[in-house]
Amino acid sequence: MMNSTGLNLAMMTLSIGIVVLVSRKKKLSLKRDLGIVIPNWRVVLLWVSLFIFLIAIEDYLFSQFSDSAVESWKEKYTPLEMLLRGIGIVVLAPIAEELMFRGLLFWRIKNSPLSTYGAILIPAFLFTAIHIQYSELLTLAVIFIDGLFYGLARHFSKSVVLAIVLHSLSNLGAVLERIL
């Protein structure tokens, strides 16, 4: 299992590197184009509060309409593997995915005829597509809704950092479900 964990960490790190290289090659502004800015704490508080409400609704829907159990990591992974997977899922994946989807792709689509609506909708769809390993329809629907939420947060806050924080919070919840 360590090999798949290491491969996932390497792929996420590579994705971050690709975003940096593309940004430099295209001479993008990290602040203006990619949205790498620290949002106002009140904005963060508002969006985190809204996201907690959304997660509560999603958890309710899962409790009512899904009977699939969360797979525990305790018997499957060593403590080191759990730590590395946790870092990958809570830190690296949100950074890599949000820089790609709500950073580069958002910027590119927003500056096209598809504008803001496309910049929110298309990355949410692609975000869902890369999580297809979660084959349950309800899970994919929730991932899509979360992707839309991250896009809305990115648009209104002008900050991909906020999308990264929200994504990290969501993934932290998923990791805690598997290790506690």
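**Salt bridges**

I started with R102, which forms a salt bridge with E98, the closest N and O atoms being 2.6 Å apart. For a salt bridge I take a side-chain nitrogen of Lys or Arg within 4 Å of a carboxyl oxygen of Asp or Glu. This is a predicted model, where local features need pLDDT of at least 70 and side-chain atom pairs count only at pLDDT 80 or more, while totals for chains, interfaces and linings use all residues. I number residues from 1 along each chain as its sequence is written, and side-chain values use heavy atoms, with hydrogens and water left out.

How far apart are R102 and E98 in helix 3? They are four residues apart, so about one helical turn separates them. Helices here are DSSP runs (H or I, at least four residues), numbered from the N terminus. Both R102 and E98 are buried. My cut-offs for relative accessible area are under 20% for buried, over 50% for exposed and partly exposed in between (1.4 Å probe, protein chains only).

I then looked up how many salt bridges the structure holds, and there are four. Side chains of opposite charge can pair when their charged atoms come close.

Another of the salt bridges joins D33 to R32, with the closest N and O atoms 3.4 Å apart. Are D33 and R32 buried or exposed? D33 counts as buried because its relative accessibility is 10%, whereas R32, at 64%, counts as exposed.

I also noted E71 with K76, where the closest N and O atoms of the salt bridge are 3.2 Å apart. E71 is partly exposed at 45% relative accessibility, and K76 is partly exposed at 36%.

**Pockets**

Next I checked the pockets. On a 1 Å grid over the protein atoms alone, a pocket is an open set of points where a 1.4 Å probe fits, with protein on both sides within 12 Å along at least five of seven lines; lining residues have an atom within 4 Å of a point. Volume is the space filled by probe spheres set on the points, which are joined across faces, edges and corners.

The largest pocket has a volume of about 1,500 Å³. It is lined by 49 residues, and those closest to its centre are Y134, I143, N171, A174 and R178. Several helices supply at least two lining residues each, including helix 1 (2-25), helix 3 (79-110) and helix 6 (160-179). By class, I get 24 nonpolar, 14 polar and 11 charged residues in this lining. I count Ala, Val, Leu, Ile, Met, Phe, Trp, Tyr, Cys and Pro as nonpolar, Asp, Glu, Lys and Arg as charged, and the others, Gly among them, as polar.

The second largest pocket holds about 160 Å³ of space. The split by class is two nonpolar, one polar and six charged.

**Helix 1 surface**

Last, I looked at L7, M11, L14, I18 and V22, which form a nonpolar patch on the surface with about 430 Å² of accessible area together. Such a patch joins nonpolar side chains (Val, Leu, Ile, Met, Phe, Trp, Tyr) within 5 Å, from residues with over 30% relative accessible area and no salt bridge. Areas come from the Shrake-Rupley method with a 1.4 Å probe.

L7 sits in helix 1 and is exposed, with a relative accessible area of 52%. L14 is in helix 1 and is partly exposed at 47%.

Notes. Patches are made of residues with over 30% relative accessible area and no salt bridge: like charges are joined within 9 Å, nonpolar side chains (Val, Leu, Ile, Met, Phe, Trp, Tyr) within 5 Å.
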